[in-house]
Amino acid sequence: MCTLTWKHESDGYHLFFNRDERKTRQLEQPPTIITSGDDVPLIAPKDGDHGGSWLAVNAFGVTYALLNHYDLESTRPEPEEPLSRGRLPLLMAAEKDQRDRPPNLQRFRPFHLVKVAPAGVVRHWIWNGVAWSSSDLCEADRPLTTSSFDSGRAIELRKQAFRALGPSPTVEDLASYHRSASPRGAAYGVLMLRPDAQTMSITHIHVTAAEVPVHYEPQPRRGTEVEKPSVTRLARRL
């Protein structure tokens with residue numbers, strides 16, 4: 001239940017990510033700076049239940065974004081001793097030598113994992129619970145979105161809304177898109193709201209030649225105090 005878009009520039013890119021989750025989940029934690037064993041600083045928000053993340057960007061300006069593959073979850077057997085998929089963005093972003101795939105795939109439920117890097121590189125991996133596949137994405141492939149509710153219709157309506165932005169949406173267009181509702185109902189909007197789930201946060205990563213700022217905007221959640229937006233920065237390594 002997430003939506004990802006991006007837009008490359010001459011020295012970096014913009015990336016927007018809506019994290020949609022069940023309302024029964026614990027509050028997520030805002031992005032913080034983490035330093036790995038390879039001495040690769042990264043910025044990531046964290047899941048309140050399992051401590052993993054759906055999004056991580058390192059000092060080299062490489063982002064890893066995770067989306068659950070809901071269409072396949074019900075058709076695959078539960079892995080033995082499953083690992084949280086939220087480990088994956090943190091694991092991949094923290095390594096100097098970028099691997100082509102994470103380890104222990106058999107212990108993960110199905111997922112999409114997207115790598116966005118400067119110089120126009122966007123890599124899309126899919127683990128379907130049995131096999132691993134990969135492909136390159138271009139801006140014409142935007143948005144990448146998933147939904148656990150009425151999946152096919154939700155995805156198509158969000159894609160229709162994106163196509164309405166025209167062939168070359170601006171950064172401002174992307175920002176508005178990630179805050180947009182749907183005339184077909186709040187469950188189908190990019191800014192999603194259902195009785196059982198909602199968009200929990202909107203994150204905007206802007207990689208430049210000099211720095212990697214992460215703009216984080218938590219969304220109001222009934223019964224909890226509204227957190228303030230925040231910006232966390234790293235100096236970029238080339």
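**Entry 1: the cavity**

I sorted the lining of the largest cavity by class and found 5 nonpolar, 2 polar and 4 charged residues. For the classes I counted Ala, Val, Leu, Ile, Met, Phe, Trp, Tyr, Cys and Pro as nonpolar, Asp, Glu, Lys and Arg as charged, and the others, Gly among them, as polar. This is a predicted model, in which local features need pLDDT of at least 70 and side-chain atom pairs count only at pLDDT 80 or more, while totals for chains, interfaces and linings use all residues. I also noted that residues are numbered from 1 along each chain as its sequence is written, and that side-chain values use heavy atoms, with hydrogens and water left out.

The search was done on a 1 Å grid over the protein atoms alone: a cavity is a set of points where a 1.4 Å probe fits but cannot get out, a pocket is an open set with protein on both sides within 12 Å along at least five of seven lines, and lining residues have an atom within 4 Å of a point. Grid points are joined across faces, edges and corners, and a volume is the space filled by probe spheres set on the points.

How many cavities of 30 Å³ or more does this rule give? I found 1 cavity of that kind, and the volume of the largest cavity is about 120 Å³. Its lining includes Leu27, Glu28 and Met200, and also Tyr216, Pro218, Gln219 and Arg221. The stretch Thr224, Glu225, Val226 and Glu227 belongs to the lining of this cavity as well.

At least two lining residues each come from strand 2 (12-22), strand 6 (63-68) and helix 1 (70-73).

The second largest pocket has a volume of about 200 Å³, and among the residues that line it are Lys23, Leu191, Met192, Leu193, Gln198 and Thr199. By class I wrote down 4 nonpolar, 3 polar and 3 charged residues for the second largest pocket.

**Entry 2: strand 2 and its sheet**

Is strand 2 mostly buried or exposed? I found 10 of its 11 residues buried (under 20% relative accessible area, against over 50% for exposed and partly exposed in between, with a 1.4 Å probe and protein chains only), so strand 2 is largely enclosed by the rest of the structure.

I then followed the partners of strand 2, given that two strands pair if DSSP finds at least two bridges between them. Strand 1 (residues 2-9) runs antiparallel to strand 2 and is joined to it by 8 bridges, with Thr5 and Phe16 as bridge partners. The hairpin between strand 1 and strand 2 passes through 2 residues. Strand 2 also pairs with strand 11 (residues 197-207), antiparallel over 10 bridges, where Arg22 has Ala197 as its bridge partner.

These strands belong to an open sheet of 6 strands in the order 10-1-2-11-12-13, paired antiparallel. Strand 10 (144-145) and strand 13 (230-235) stand at the edges with a single partner strand each, so one side of each has no neighbour in the sheet. Strand 10 pairs with strand 1 over 2 bridges in the antiparallel sense, and Thr3 stands opposite Thr145.

**Entry 3: two hairpins**

Strand 7 (residues 111-117) and strand 8 (residues 121-127) pair antiparallel over 7 bridges, and the 3 residues between them include Ala119, which has a positive phi of about 70°. Strand 8 pairs in turn with strand 9 (residues 132-136), antiparallel over 5 bridges. In the hairpin of strand 8 and strand 9, with 4 residues between the strands, Gly129 has a positive phi of about 95°.

**Entry 4: the whole protein**

I ended with the overall count, which comes to 4 helices and 13 strands. Buried residues make up 52% of the 238 residues.
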